[in-house]
Every structure is written in C-alpha cells, then in structure tokens.
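Please open the model in your viewer and keep the selection tool handy. We will walk through it one stop at a time.

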Amino acid sequence: MQSPFTSKSALQHLISIPVIVAALGYFVDIYDLLLFSIVRIPSLKSLGLTEAEVSSVGASILNWQMLGLLVGGILWGVLGDKKGRLSVLFGSILTYSLANIACGFIQDPSVYKILRFIAGIGLAGELGAGITLVSEILPKHLRAIGTSLVAGIGLLGAVVAYFSVEWFDWRTAYFIGGGMGIALLLLRIGVFESGIFVQLKAQQHLQRGNFFALFTNRDRLIRYLKCIGMGLPTWFVIGILATFSNEFGVALNIAEPIKPGLAIMWCYIGLSTGDLSSGFLSHWLHSRKKAVLGFMLFTLVCSVIYLFGGINQAGTLYTMALLLGFGIGYWAMFVTIGAEQFGTNLRATAATTIPNMVRGTVVLMTTLFGYFKQSFSVIESGAFVGLLCFAIGLYSILTISETHNRDLDFLEE
C-alpha cells in the first residue's frame, strides 16, 4: 500500500499548522496534566505538611483536579459545538496556563486545591477539540495518521515533565508549563476554523452542543457508553499498574524500590510510540476497530505478564511499563472513533467529554482497588480491576460500528 508520506499533498496536510499546533497543544496539556502527580510529594513537603498529610492532602488535590477534568470536559465540549473548535483551543490553554503559573506561587494547600481544579477544567478541552479540528480539516483517508501524530507528539510532554522536575525546582516546573502554554497561544493565531463547523454555524435553526442529547436517544447513548468503555484499559494501566507500581514491586518481592514517577514516564514513552503506530496500522488495515482490538489484546497479555509473570527485577518491571504504554497507544484512535461516531452538531461535545469521562473513572478504579485489597493481595486486587476494565473494553470495541473512511459532514437529529 502506498505510504501517505509519498504524496506531496498528503504530507502538506499532515504538517499543516492546525495539526502542528494541536500536537504542541496536547504536548503542553500532558505536561501540565501530569505535573502535579510528579511534584506532589516535594511541593507539599515544602509547604510544611507531614508524611501523613502529604498522602491525604495530595490525594484530595488530585481528586479535585480530576473533578475539574470532568466539569471542563462538558464545558469545553458544549462550547466547541456552540462557538467553534478554535474557541475551545484558545480558552482551554489560557485557563490552564494561568492556573499553572499561579501554582508556582502557592503557599497554602487549600489554594493549591482550587488552582488544580481550575487547571483541570482548562486541561479537559485540549485533546477533544484538537482531535475534532484535525479530523474535520484532514481528508478522511489521512484522519487516523493525523490524529495519531497529534497524540504521539503530545504524549512526550510526560517525559519533559519528568525531567523538568529532575532538573528544576517544582515551582520553576510550573512556570515552565504555564510559559509554554502562553507561547503556544501566540502560535495559534494562524490556525483556521474547521470548514465543516463554519457551514454548520450558518444554519442557525440547528441545535448545537446539547450535552443532554447524548442521553435522550438510545442509539446515541449506547454509542457514547461504548466509546467510554473502549478507553477503560488505558487508564487501568496508567491509574493502577503504573501509579501503584511501588506496591506491585513490593508484592512481587523486587528488592529495589520502584519509583511510580519513573514507571509512568516509561509508560508514556511507550504510549507515544503506540499512538503513532496505531494510526498507521488503522490506515493499513482500513479499520479503526481492528487496530484498537489488536492493541487492546496486546495490553491484556502484557498486563497478565506484569501481574503473574514472576517479575523479580526493577528493570524488568520498567520494561513492562514501556510495553504496557505501547499497548494502550490506541488512545488517539479511541478519541478519533469518538469524534467520528457523532454528527457535527455534537462532535466536539462527544470527543471532549469521552476521554475526560474515562479519566474520571480512575476514581472508581482506585476505590475498587482499595476495597479489594482489604480481602485480597495487591496482585489479585489489580487483576480483579483489570478483568472488569478489559471485559468492558473488549465488548465495546467488538460491538461498536466501524468509522474508517466515514464522511464527517453529517448531523445528529
């Protein structure tokens, strides 16, 4: 099959300003999204909190950030369909950039919580709006590759976030994130709006961005829930296997203490590589579903090895984190499927809320994980949560409709 990069016009589409800016925007988004998780301990200790307070207050702040993502997902999704994709791209980055700069001056844990909530609201809009804009601007045969480029490049923000904290003070790391966002805001001046949305906006009689419309029609609701279900294994890997890798390391009798931050970094390196690969695989297979299914099954196998493969060295566990990250590299593809499942008048609402709903399920996953640990081992508890996530994920991808090469110029009635 001919490579998309052998065509000059295809290459011009893939390196156009909207694609580049969406990729850089997601890069900054991921940097800021993960920054609190990386600086949680040193930042809270510098505010004078005890070890016990660092744990409880840190968890509370993280939950407020996740709540912000849920609220922001709905807010920006609705605005994306009502006001346009670009309004979300500009508004979301301004919100989280200012919040992150403010976090660099923080002196009180209560204010920290409020600022991470505001940052969460801002961070919620970037990916969905970017994927929607790129999906509508690119020719349909290039959508999978374009959206994968956005996510693949963007996810490297996690690596930069890790090393910025290694090299600089935590306050400086926040200033860097906010500064990158403001710089990107200036770059976005040259980005143009989706032509499909411009045509839709001219039709004043059509209802746009009605979040509740996702729940008032049985067919739409099932599509929406399946899109969310597809994403559950991705955050099982990040929110359970990587985040609690130190606990799994102890349970596996690994002598060297496991650093969750390092496991998350390796996971995101794999995730970035996987996101790039899944787009090309979908392009080659002429199928979104087959590409996502293949990556999901690979992740399932790696999860079983991670939990029951007898890992006894830290290096092996970090390698598995890398492979697990590669396996969940269908993240961009699953968001793309979400955008392609819905009409133009609901597309941004769906594509923006879906990934944030998946992120929000981490609270349920960690709650279940903690509940199971009361009666079972850490390994068994992780396996039970994973079994539930993969069962829902596999059912969702097997039963959802194929969207490869679908024309996106349609409406939800």
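Keep in mind that the model is predicted.

**Stop 1: Gln65**

Select residues 51–82, which form helix H3, and find Gln65 in it. Is Gln65 buried or exposed? Gln65 is buried, because its relative accessible area is 1%, under the 20% that marks the cut-off. Now show the side chain of Arg116 as well: a polar contact of 2.9 Å joins it to the side chain of Gln65.

**Stop 2: the largest pocket**

Next, select Ser37, Arg40, Leu62, Thr243 and Pro260. Of the 42 residues that line the largest pocket, these lie nearest its centre. The pocket holds about 1,200 Å³ of space.

Which helix gives the largest share of this lining? Your helix from the last stop, H3, does, with 10 residues. Other elements that supply at least two residues each include H2 (17–46), H8 (157–167) and H17 (347–372).

**Stop 3: the cavities**

How many cavities of 30 Å³ or more does the structure hold? There are 3.

For the largest cavity, with about 70 Å³ of space, select its lining: Tyr26, Ile30, Leu155, Thr234, Trp235, Ile238, Tyr268, Leu271, Ile328, Trp331 and Arg359. Helix H11 brings the largest share, 3 residues, while H2 and H13 also supply at least two each. By class, this lining has 9 nonpolar residues, 1 polar and 1 charged.

Move on to the second largest cavity, where about 40 Å³ of space lies. Its lining includes Val237, Leu241, Ser245, Cys267, Tyr306 and Leu324. Helices H11, H13 and H15 (314–327) each give two or more residues to this lining. Here you will find 9 nonpolar residues, 1 polar and no charged ones.

**Stop 4: cysteines**

Finally, select Cys302 and Cys389. Cys302 counts as buried because its relative accessibility is 4%, and Cys389 is buried too, with a relative accessible area of 4%. How many disulfides does the structure hold? The number is 0, so a search for a pair of cysteine sulfur atoms within 2.5 Å finds none.

Notes
Residues numbered from 1 in each chain as written. Predicted model: local features only at pLDDT ≥ 70, side-chain atom pairs only at ≥ 80, totals over all residues. Heavy atoms only, no water. Helix = DSSP H or I, 4+ residues; strand = E, 2+ residues; numbered from the N terminus. Buried < 20%, exposed > 50% of the residue type's maximum accessible area, 1.4 Å probe, protein only. Polar contact = N/O pair within 3.5 Å; in protein donor to acceptor, adjacent residues only side chain to side chain. 1 Å grid on protein atoms, 1.4 Å probe; cavity = no way out; pocket = protein on both sides within 12 Å on 5 of 7 lines; lining within 4 Å. Points joined across faces, edges and corners; volume = space filled by probe spheres on them. Nonpolar A, V, L, I, M, F, W, Y, C, P; charged D, E, K, R; others polar.
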